[in-house]
Amino acid sequence: MNPELNTLSHSSSYRVIYGDTDTMGVVYHANYLRWFEIGRTELFRHLGLPYREIEARGLMLPVSEVKCKYLTPARYDDVIVIEATLNTGFRAGMQFDYTITSQDGAVIHTTGYTRHAFINGQGRVVRPPAFIRDLIKDNL
């Protein structure tokens, strides 16, 4: 969380395993999307709201849009840092912005975002619930 910038963010570390790489020895592109998921779920957990609790309240946050800009490949055994930031300017659902860097921050591997709708147990799109809005407001 960075109060000076009026944002909510959290960083998580991950060591690239051999199964994350392709035959060229670099991280397979789809794994960055898994790492985006790690980033946003750990951000929620950091705020005291594990994703499991959101689901227990009858809501889900399916991905409605994703963008991933690949800049520099990560490789086996690299330690990467996944920074997830809640984009508080996105009102229709939630948007998380991501930067994945080397452990020392010197190399940016990828940037991107995911957008999510809120859906209820019947699969209908709903507005962001009060408990989520309050959590964001209380942590800004």
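I looked up Glu42 and found that Glu42 is partly exposed, with a relative accessible area of 25% (buried means under 20%, exposed over 50% and partly exposed in between, with a 1.4 Å probe and protein chains only). The model is predicted, so I note that local features need pLDDT of at least 70 and side-chain atom pairs count only at pLDDT 80 or more, while totals for chains, interfaces and linings use all residues. Residues are numbered from 1 along each chain as its sequence is written, and side-chain values use heavy atoms, with hydrogens and water left out.

I then looked for the partner of Glu42. The side chains of Glu42 and Arg45 form a salt bridge, at 3.3 Å from N to O (a salt bridge is a side-chain nitrogen of Lys or Arg within 4 Å of a carboxyl oxygen of Asp or Glu). Both residues lie in helix 1, three residues apart, about one turn of the helix (helices, H or I with at least four residues, and strands, E with at least two, are DSSP runs numbered from the N terminus). Arg45 is partly exposed at 47% relative accessibility.

I searched the whole structure for salt bridges and found five. Among them, Asp77 pairs with Arg15, the closest N and O atoms being 3.4 Å apart. This pair links distant parts of the chain: Asp77 is in the loop between strand 2 and strand 3, Arg15 is in strand 1, and they are 62 residues apart.

I also noted a salt bridge between Arg34 and Asp20, at 3.1 Å from N to O. Arg34 is in helix 1 and Asp20 in the loop between strand 1 and helix 1, 14 residues apart. Asp20 is buried, with a relative accessible area of 2%, whereas Arg34 is partly exposed at 36%.

I next searched the whole structure for aromatic pairs and found seven (rings of Phe, Tyr and Trp, the last by its six-membered ring, pair if their centres lie within 6.5 Å; planes under 30 degrees apart count as stacked, over 60 as edge-to-face and the rest as tilted). The Tyr14 and Trp35 rings have centres 5.2 Å apart and planes at 50 degrees, so this pair is tilted. Tyr14 lies in strand 1 (residues 8-15) and Trp35 in helix 1 (residues 31-46), so the pair ties together parts 21 residues apart in sequence. Both Tyr14 and Trp35 are buried.

Which residues do ring pairs link into a cluster? I recorded Tyr14, Tyr32, Trp35 and Tyr70.
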